[in-house]
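This report describes the architecture of one chain and then the way in which two copies meet.

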Protein chains: 2
Amino acid sequence: MYFEDVEIGSSEEFGNYPVTEEEIIEFASKYDPQPFHLSDEAGKAMIFGGLCASGWHTAGMTMRMVVDHMKTKGRTHSMGSPGLDELRWTRPVFPGDTLRVKSSVIDKRASRSRPDMGSVFLHNEVFNQKDELVMSFKPIVLYKRRPSAPD
Amino acid sequence: MYFEDVEIGSSEEFGNYPVTEEEIIEFASKYDPQPFHLSDEAGKAMIFGGLCASGWHTAGMTMRMVVDHMKTKGRTHSMGSPGLDELRWTRPVFPGDTLRVKSSVIDKRASRSRPDMGSVFLHNEVFNQKDELVMSFKPIVLYKRRPSAPD
């Protein structure tokens with residue numbers, strides 16, 4: 001799959017990630033040890049209403065679904081990501097939730113400085129099992145351009 | 001520390017996070033199992049030049065430095081984050097690197113709909129031990145407003 005094969009307006013849905021209390025606490029212990037990500041009691045004292053996942057953990061679980069999905073598609077000529085825009089955590093993620101992803105192509109642009117590559121602009125939305133949006137963001141992904149046929 | 005105490009233009013530097021090969025592989029195995037985050041050989045085959053951390057792992061290490069720093073400051077009236085803008089991964093993060101953070105207040109805005117809170121806009125830059133920028137992003141953080149004195 002080259003830059004030329006990416007279709008603006010197309011979208012895909014994938015993923016089925018079960019969120020567990022054990023994993024929420026394990027991630028938070030290492031990377032986001034705020035009380036409401038570590039115990040149910042502290043979560044109840046906040047607006048969240050109970051133990052909930054670090055937003056960075058939700059991002060990690062989402063990336064895992066993206067990578068697993070990429071692998072089912074075989075070889076893509078993606079060259080990694082320089083970043084993303086407009087990340088929003090819209091609802092808390094709780095133990096027992098199941099997450100899935102909808103990924104839409106919103107734009108693409110050939111590189112002026114690097115004729116062998118182009119940027120693809122996505123809108124990724126993450127939903128729980130109630131179809132509530134829990135996170136959204138707009139990743140930028142670099143793709144190789146299709147090599148020209150020799151003259 | 002309330003919304004009123006946050007000073008636009010102020011900045012802080014903190015953190016000293018040693019990046020290890022073991023932790024890079026452990027994080028990537030769970031959340032970003034692409035070959036160049038799992039083995040040195042696969043990293044050498046990419047533009048990165050060797051095993052490097054998932055960008056989401058760099059974000060997690062950064063959050064850990066932020067939380068540890070918050071704890072040294074005592075009680076802040078932060079109410080969590082609705083998201084962030086303009087996240088960029090500018091250089092690979094390698095085993096043996098040591099990361100630190102510079103966090104600057106770029107703007108703040110009182111909420112019109114919620115008179116008890118306001119939004120603070122930060123610019124967080126993450127550097128390695130060579131003072132090279134490896135990641136930057138602009139988090140939005142909600143703060144409680146200082147309760148008014150009774151009339």
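## Fold of chain A

Chain A contains three helices and five strands, where helices (H or I, at least four residues) and strands (E, at least two) are DSSP runs numbered from the N terminus. Their order along the sequence is β-α-α-α-β-β-β-β. The model is predicted: local features need pLDDT of at least 70, side-chain atom pairs count only at pLDDT 80 or more, and totals for chains, interfaces and linings use all residues. Residues are numbered from 1 along each chain as its sequence is written, while chains are lettered from A and ligands numbered from 1 in the order in which they are written.

The C-alpha trace of chain A spans about 70 × 25 × 20 Å along its principal axes.

## Contact between the chains

Chain A gives 22 residues to the contact and chain B gives 21; two residues are in contact if their C-beta atoms, placed from the backbone, lie within 7 Å. On the side of chain B, helix H1 (21–31), helix H3 (55–72) and strand S2 (83–89) each give two or more residues.

Strand S2 (residues 83–89) of chain A runs antiparallel to S2(B), with four bridges joining them; strands pair if DSSP finds at least two bridges between them. Leu87(A) has Leu84(B) as its bridge partner.

## Symmetry

Chain B superposes on chain A by a rotation of 180 degrees with 0.0 Å of shift along its axis (RMSD 0.0 Å), fitted by least squares on the C-alpha atoms of residues with pLDDT of at least 70 in both copies. This is the relation of a two-fold axis. In chain B, the C-alpha nearest the axis belongs to Asp85(B), 2.5 Å from it.

Because 100% of the interface residues of chain B are also interface residues in chain A, the copies meet through the same surface.
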